[in-house]
Amino acid sequence: MTVAFSTLTRAFLRIGLLSFGGPAAQIALMHEELVEKRGWLTERQYLSALSFCMMLPGPEAMQLCTYAGWRLRGIPGGLIAGTLFVAPGAVVVLALALAYAAFGQVPMVQSLFLGIQAAVVVIVLQALIKLAKRAFGPGYMAEGLALAGAAFLAIYGFGLPFPLIVGLAALWGALRSTGATEEPAIALPPGSARRTALTVVIFLLLWAAPFALVSGSAFLTDIGLFFSQLAVVTFGGAYAVLAYMTQEVVNTQGWLTTAEMIDGLGLAETTPGPLILVTEFVAALAGAKHSLPMALAAAALTLWVTFIPCFLWIFAGAPYIEWITRQPRLAGALRAITAAVVGVIANLSLWFALHVLFARVHTAWPASPAHRPATPEWATLDEAALGLTLLAALLLLGFRLGMAPVLGLMALAGAVAGSLL
């Protein structure tokens, strides 16, 4: 299938503009667009690519989008798809960061996004159900549910790191899969090793190139090095590294205060695109304390070192996905990872819902480093957020309106609610 670049661009721009709600909603949106509506990917191709992307550092939804573009039109298609997935959110986050730096709190923006946050709670739940139905295919329901439940308990109840959960799921799936796959085995792509090596070299040079331009600025160099490091440890999405990032940004580097970091996360959660765009907010706000040009430079550098590695992982690894999914043990490992990811996303969905509906959510015991499941203070329930969430459920589940009109209506409802409070 040959897809025109103009068609590909329009499709992925639409995905980028509507990619609210974090990975669960974004993955569901891409499935609807790429598999159900357009038939550009088969169900197997989509789930195999999703499992592969879940094993990589960085935002899995953006990498899945990049893979889809790569499969349709090679590296140019992947660059278009991945860039368009990030660009709308990056523009909004930069505008919000600069407004925040100039005016402090942004009450009107927060009121608008109050309704969007409520809608996202329902969107994520809806997306999670769809993802679970796809992951738990015939003959795999019991085992898939067990793996998803175990993954949820491991990350929510015990705070185990995401890479460990993925590794254990992969090991379980590999040991359980000893038979042949349903499809015949295929050989590795011819000449793949040489092409992969060339891809790695080119993108490593691109990754490092900006440091030659900012070598005269200690601040920009520190920004680039820190977020480059973050890009290779962000397994499981932004949530997996938020605690580490906050500690470094607030306590070690002193770029932001704790309150500014929390506000940045809240704004990033309500914009389209991956949540890891919170790194752009951090860099822009830190740079704005020097000057506007420094804010723009810091934001651009952070976007570059955060997302160039995502293209590297996909373009280097994508040619092997079909081969990997036809190896019995590797295919079993990927299937188990997909099931475990349902539990991980369920945890992220719960975390997001709690932070939308409650003013205070505890994630650690007082004066103790021990892990504690996210627990809300019930007395801090936000009645406006609850009412807006019920309205969003009515629009999405009752009247079955599309995502775009619901987000628009909920933004308006949030603004009205904010003006009445």
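Student: Ok, which residues does threonine 389 touch, leaving out those up to four places away in sequence?
Tutor: This is a predicted model. In it, threonine 389 touches Ala118, Val121, Val122 and Leu357, if you skip residues up to four places away in sequence.

Student: And where is threonine 389 found?
Tutor: Threonine 389 is in helix α16, which covers residues 383-398.

Student: Is threonine 389 buried or exposed?
Tutor: Buried, because its relative accessibility is 10% and the cut-off for buried is under 20%.

Student: New topic. At what angle do the axes of α9 and α13 cross?
Tutor: The axes of α9 (residues 218-231) and α13 (residues 292-317) cross at roughly 25° and come within 9 Å. The two helices are therefore roughly parallel to each other.

Student: Is that crossing left-handed or right-handed?
Tutor: The crossing of α9 and α13 is right-handed.

Student: Which residues meet there?
Tutor: From α9, Phe219, Leu220, Ile223, Gly224, Phe227, Ser228 and Ala231. They meet Met294, Ala297, Ala298, Leu301, Thr302, Val305, Thr306 and Pro309 in α13.

Student: How many of them are nonpolar, polar or charged?
Tutor: The residues of the contact of α9 with α13 divide into 11 nonpolar, four polar and no charged.

Student: Now rings. How many aromatic pairs are there in the whole structure?
Tutor: A search of the whole structure finds 11 aromatic pairs. One of them is tryptophan 207 with tryptophan 313, an edge-to-face pair with 6.3 Å centre to centre and 90° between the planes.

Student: What does that pair tie together?
Tutor: Tryptophan 207 lies in helix α8 (residues 192-213) and tryptophan 313 in helix α13, so the pair ties together parts that are 106 residues apart in sequence. Tryptophan 207 is buried at 13% relative accessible area, while tryptophan 313 is partly exposed at 22%.

Student: What about phenylalanine 226 and tryptophan 255, how are their rings placed?
Tutor: Their ring centres are 5.9 Å apart and the planes are at 75°, so that pair is edge-to-face. Phenylalanine 226 is in helix α9, and tryptophan 255 is in the loop between α10 (242-252) and α11 (258-269), 29 residues apart.

Student: Are those two buried or exposed?
Tutor: Phenylalanine 226 is buried, with a relative accessible area of 5%. Tryptophan 255 is buried as well, at 9%.

Student: Which aromatic cluster has Trp255 in it?
Tutor: Phe219, Phe226, Phe227 and Trp255 form one aromatic cluster.

Technical notes: Residues numbered from 1 in each chain as written. Predicted model: local features only at pLDDT ≥ 70, side-chain atom pairs only at ≥ 80, totals over all residues. Heavy atoms only, no water. Helix = DSSP H or I, 4+ residues; strand = E, 2+ residues; numbered from the N terminus. Buried < 20%, exposed > 50% of the residue type's maximum accessible area, 1.4 Å probe, protein only. Contact = heavy atoms within 4.5 Å. Axes fitted to C-alpha atoms, helices over the stretch in contact; angles between N-to-C directions. Parallel < 35°, antiparallel > 145°, perpendicular 65-115°, else oblique. Left-handed = near helix turned anticlockwise from the far one by under 90°. Nonpolar A, V, L, I, M, F, W, Y, C, P; charged D, E, K, R; others polar. Phe/Tyr/Trp six-rings, centres within 6.5 Å; stacked < 30°, edge-to-face > 60°.
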